[in-house]
Amino acid sequence: MFKEETEKRVRGSQSFWGPFPVSEDKMRTVGWYDTGLVSYDEAFSLQTRLHSEIACREREDLVLFQENYPVITAGRSADFEHLLWNAEKLEKEGYELREVSRGGDMTCHCPGQLVISPILHFREYEGIATVHDYLRALEQSVIELLSLYGLSGERREGMSGVWLGKSKLAAVGVAVSHSVTLHGAAVNVNCELERFEPIVACGLHGMGVSSLEKAGIGGLSLERVRGDWLGCFERVFGAETRELSSSQV
């Protein structure tokens, strides 16, 4: 018995991912847990603890989902000129500001956005040998998610994330420590896009931000999008997923 996983191909200068036969006995089981709406600090504290346990082989690989109160995160290569509001205005409007370990520039997390943080021994998944491979596979899982809703997500040369035309619908930024991933993707479902006004999103002047709702796919709950993405993740990464309870994390 074989289940479809991923096959790396090349279209022009960009990699994409398609079927790869993986025998059932080689498929990995990945747990998942959803924190719900929490502060960024609370979610990242949990992610850090889980990462340590996974790196030490004390638990299986896991995907952590979260929805955050408004927060601006600045990645390792962030240019603070892309932060358009001062600290006083950010606080007045209810934002927190955090410097984080992922790659990339500035982004915003807020209610209505699904944050997806796979904590994986990424090189142990078929066809994924490098961080670049992992980023492209993570993007592919989002591209396949969008295709379920009739949308054509795209990559852009030299940039991470998933785009609809000139607007970015999903930010992707990761870190790797002890060969295990942190951070991940943020998919704009039905968030208020005005929440991105304090920043030049991802440091990209002249580029917009979009969401599933803005693209005409309304009425989707984060729970629905989470379930649909998990199916895409299973196909792209050749894994089976199982929900974990709060007592299991």
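Two strands count as paired if DSSP finds at least two bridges between them, and the strands themselves (E, at least two residues), like the helices (H or I, at least four), are DSSP runs numbered from the N terminus. With that in hand, hello everyone, and let's walk through this structure together.

A quick word on where the values come from. This is a predicted model, in which local features need pLDDT of at least 70 and side-chain atom pairs count only at pLDDT 80 or more, while totals for chains, interfaces and linings use all residues. Residues are numbered from 1 along each chain as its sequence is written, and side-chain values use heavy atoms, with hydrogens and water left out.

Let's begin with strand E10. E6 and E10 run antiparallel and are joined by five bridges; in E10, valine 115 has glutamine 66 standing opposite. E10 also runs antiparallel to E13, through four bridges, and here isoleucine 116 faces alanine 185 of E13. How much of E10 is buried? Seven of its seven residues are, where buried means under 20% relative accessible area, exposed means over 50%, and partly exposed is in between, using a 1.4 Å probe and protein chains only. In a regular strand, side chains alternate between the two faces of the sheet. In E10, Gln113, Val115, Ser117 and Ile119 point one way, Leu114, Ile116 and Pro118 point the other way, and all are buried.

There is another sheet to look at. It is open, with three strands in the order E8-E7-E9 and mixed pairing. Its edge strands, each pairing on one side only, are E8 (96–99) and E9 (106–109). Strand E7 (residues 71–74) and E9 run antiparallel, with four bridges between them, and isoleucine 72 sits opposite cysteine 108 of E9.

Now for the interior. A nonpolar core here is a set of buried Ala, Val, Leu, Ile, Met, Phe, Trp, Tyr and Cys residues joined through side-chain atoms within 4.5 Å. Which residues touch the most other members of the largest core? Among its 41 residues, they are Leu212, Trp229 and Phe237. Elements giving two or more residues to this core include strand E5 (28–38), strand E10 (113–119), helix H3 (131–148) and H4. A second, separate core has 13 residues, including Ala74, Tyr95, Met106 and Val209.

Setting aside neighbours within four places in sequence, tryptophan 229 contacts Val63, Phe65, Ile116, Leu138, Ser141, Val142 and Leu145, with contact meaning heavy atoms within 4.5 Å.

On to the aromatics. Rings of Phe, Tyr and Trp (its six-membered ring) pair if their centres lie within 6.5 Å; planes under 30 degrees apart are stacked, over 60 edge-to-face, and the rest tilted. That rule gives nine aromatic pairs. Tyrosine 125 and phenylalanine 237 are edge-to-face because their planes stand at 85°, with ring centres 5.9 Å apart. They are 112 residues apart, with tyrosine 125 in the loop between E10 and H3 and phenylalanine 237 in helix H4. Phenylalanine 237 also pairs edge-to-face with tyrosine 134, at 6.1 Å centre to centre and 70° between the planes. That pair spans 103 residues, from helix H3 to helix H4. Why does tyrosine 134 count as buried? Its relative accessibility is 1%, and phenylalanine 237 counts as buried at 1% too. Ring pairs link Trp32, Phe65, Phe122, Tyr125, Tyr134, Trp229, Phe233 and Phe237 into a cluster.

Two more residues before I stop. Serine 211 lies in the loop between strand E14 (208–209) and helix H4 (222–237), and serine 211 is buried, with a relative accessible area of 2%. A polar atom of its side chain is 3.0 Å from the backbone nitrogen of lysine 214. Beyond neighbours within four places in sequence, serine 211 contacts Leu169, Asn188, Val189 and Leu193.

Finally, valine 162 is in strand E11 and is buried, with a relative accessible area of 0%. Leaving out neighbours within four places in sequence, the contacts of valine 162 include Glu139, Val142, Gly153 and Lys168. Valine 162 and serine 152 are ten residues apart in sequence and 9.7 Å apart in space, C-alpha to C-alpha.

Technical notes:
A polar contact is a pair of N or O atoms within 3.5 Å; within protein, one must be able to donate a hydrogen and the other to accept it, and residues adjacent in sequence count only if both atoms are side-chain atoms.
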